[in-house]
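Here is a friendly tour for anyone who likes to have the structure open while reading. Please keep the viewer at hand as you go.

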Amino acid sequence: MNTMLKIIKYELRDVIRSKWILIYFGFLFLITEGMFQFSGSSSKVLLSLLNIVLILIPIITISYGIIYMYSSREFTEMLLAQPIKRKTLFSGLYSGLALPLSIAYLFGIGIPFIYHGVDEVSQFPVLIILMLSGVALTFVFTSLAVLISLSSEDKVKGLGIGIFVWLFMAVVYDGALLFGSYLLSEYPLEKPMIAVTILNPIDLARILLMLKFDISALMGYTGAVFKKFFGGPLGMLLSSGMLMLWIIIPCLIGKRIFVRKDF
Amino acid sequence: MIRIERLNKSFGKLHVLKDVNLEFENSKVTAIIGPNGSGKTTLIKIILGLMKADSGKILVNNINIKKGVDYKNNIGNMPQIARFPENLRVGELIDMMKDLRSKKNGVDKDLFASFKLDNEINKKLGTLSGGTKQRVNAALAFLFNPDILILDEPTAGLDPISSSALKDKILKEQKKGKTILITSHILSDIEELAENLVFILEGKIIYNGTVKLLIEEKGKSNLERTIASLMESNANEHNA
């Protein structure tokens, strides 16, 4: 077995037993199950989950990731004194963090769907997209968490930056976008809007999901432009490609810092 | 054996290690001492590959440490602060280390027996007391029977029984021909264990030789007074 898999194996065991991961799983499970009980229709459950996923996954992942990275600092140093290449150790640490968070999410929302099922077959791809984009967001915010915790020596500062990044992407960015489009409402903004939206991973996931939910009509003309763009093969490719970049780029920068860092 | 040649390390403007030349011989216990911030930890971290030197080279068993991570198979390290993954069991941590290292020298579980850690094997690391963690930490350093042992404040936080057991083990390994490095603020421990002594002050080696000779040279009754006078005389030089 190669060294990276060995590191993942043990870190996975550690993280998956952590009470915070169990609480995260339990919360998602109870929310999904509760919504099935109250609304009874899987389409409503899916729609409500959309917002929970977009808000909750980023904040949980980034804060847990940052706290975990700082608290395992001494153990990381201990592993660095073992015959392991730094690159390998980094990949192991990263995956050992992103995988259990993804598993908790997939099981949390997935289990209720297993025995409640979906009302129509057409909702099945929606569920799949919901799960995939949730996992993608988990990886994006794990990358950011790892990057932030390696860039700052101070735990409180790191956590502060993490929460700020989340706040910016989840709330401020959309607000600014809305304000900007209101100010410039006399100009044709659809294309610049697409460009700006692509730059924010949470917005990307939101668009991907909304198009699948067929509620883009609610967004008026902009929605129609978005649907035309993101609904096509090029848009799908571009948006999932951008999500991948959001995972890979912070992760690579983090790796570079990790390989050169003085511990 | 570890040989260090013209080692330099700076953090920004702070020159932490200044042209350090040292050799740690086989079957010797060498104590590295110096006040806080003198560069002891930096030196150890560079040997372990946790930090990178600005210039100079380090040979571990005649292999340049820049040539890859394999040399670390020869080193057992006991860090000063032991913080392990909270939700792993002691046994799993041992398995993890076994998985990550070559076991060319076999496995040495002496310390697990003398520390009575066998009862703790199924406990989670997060539930262990500070002293027990420190015992696990020490036992792990010796687990792979390495040629070189680097022990940072090994007896800190240990009860007298464990501390004596650890010191017995250190002397036993030294007789087997191992290279052992110790940093400690407990000078009586150093007097008991170490034959050689390296005194670092502000990144420079002030003394490198046997403990006995240093005490005789300074004409003091014990190591503590000798070190105190050494530090005082250096402080005077600075002011002059």
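## How to read the numbers

This is a predicted model, in which local features need pLDDT of at least 70 and side-chain atom pairs count only at pLDDT 80 or more, while totals for chains, interfaces and linings use all residues. Residues are numbered from 1 along each chain as its sequence is written, chains are lettered from A and ligands numbered from 1 in the order in which they are written, and side-chain values use heavy atoms, with hydrogens and water left out.

## Where the two chains meet

Let us begin with the interface. Here 31 residues of chain B are in contact with 27 residues of chain A (contact means heavy atoms within 4.5 Å). Together the two chains bury about 2800 Å², with 57% of it on carbon and sulfur atoms. Buried area is the accessible area (1.4 Å probe) that two parts lose on being put together, summed over both. Of the area that chain B buries against chain A, 24% comes from Leu50(B), Arg83(B) and Leu100(B), more than from any other three residues.

Charged pairs cross this interface too: the rule finds six salt bridges between chain B and chain A. A salt bridge is a side-chain nitrogen of Lys or Arg within 4 Å of a carboxyl oxygen of Asp or Glu. Asp99(B) and Lys9(A) form a salt bridge with their side chains, at 3.6 Å from N to O.

## A covered helix and the core

Helix α4 (residues 73–80) of chain A is mostly covered, with seven of its eight residues buried. Helices (H or I, at least four residues) and strands (E, at least two) are DSSP runs, numbered from the N terminus; buried means under 20% relative accessible area, exposed over 50%, and partly exposed in between (1.4 Å probe, protein chains only). Among the buried residues of α4(A) are Arg73(A), Phe75(A) and Glu77(A). What do the buried residues of α4(A) pack against? In chain A they pack against α3 (42–71), α5 (86–116) and α11 (233–260), and in chain B against α1 (40–48), α2 (90–100) and α4 (130–142).

Elsewhere in chain A, Ser149(A) is found in helix α6 (residues 123–151). Ser149(A) counts as buried because its relative accessibility is 7%. Not counting residues up to four places away in sequence, Ser149(A) touches Ile66(A), Met69(A) and Tyr70(A).

In soluble globular proteins, nonpolar side chains tend to be buried together. The largest nonpolar core in this model has 156 residues, and Ile4(B), Ile47(B) and Leu197(B) have the most contacts inside it. Such a core is a set of buried Ala, Val, Leu, Ile, Met, Phe, Trp, Tyr and Cys residues joined through side-chain atoms within 4.5 Å. Leaving aside neighbours within four places in sequence, Ile4(B) is in contact with residues including Val20(B), Phe24(B), Ile47(B) and Lys57(B).

## Salt bridges within the chains

Side chains of opposite charge can pair when their charged atoms come close. Over all chains, a search of the whole structure finds 24 salt bridges. One of them is in chain A, where the side chains of Lys261(A) and Glu153(A) meet at 2.6 Å, N to O. This pair links distant parts of the chain, 108 residues apart: Lys261(A) is in the segment after α11, and Glu153(A) is in the loop between α6 and α7. Lys261(A) counts as buried at 10% relative accessibility, whereas Glu153(A) is exposed at 53% relative accessible area.

In chain B, Lys169(B) forms a salt bridge with Asp108(B), with the closest N and O atoms 2.8 Å apart. Lys169(B) sits in helix α5 (residues 160–175) and Asp108(B) in the loop between α2 and α3 (110–114), 61 residues apart. Both Lys169(B) and Asp108(B) are buried. These two residues also belong to a network of salt bridges that includes Asp110(B), Lys172(B) and Glu173(B).

## On the surface

Phe164(A) lies in helix α7 (residues 155–183) of chain A, and it counts as exposed because its relative accessibility is 56%. With Leu167(A), Phe168(A), Val171(A) and Val172(A), Phe164(A) makes a nonpolar surface patch of about 450 Å². Patches are made of residues with over 30% relative accessible area and no salt bridge, with like charges joined within 9 Å and nonpolar side chains (Val, Leu, Ile, Met, Phe, Trp, Tyr) within 5 Å. Accessible areas come from the Shrake-Rupley method with a 1.4 Å probe, and for residues only the protein chains shown count as cover.
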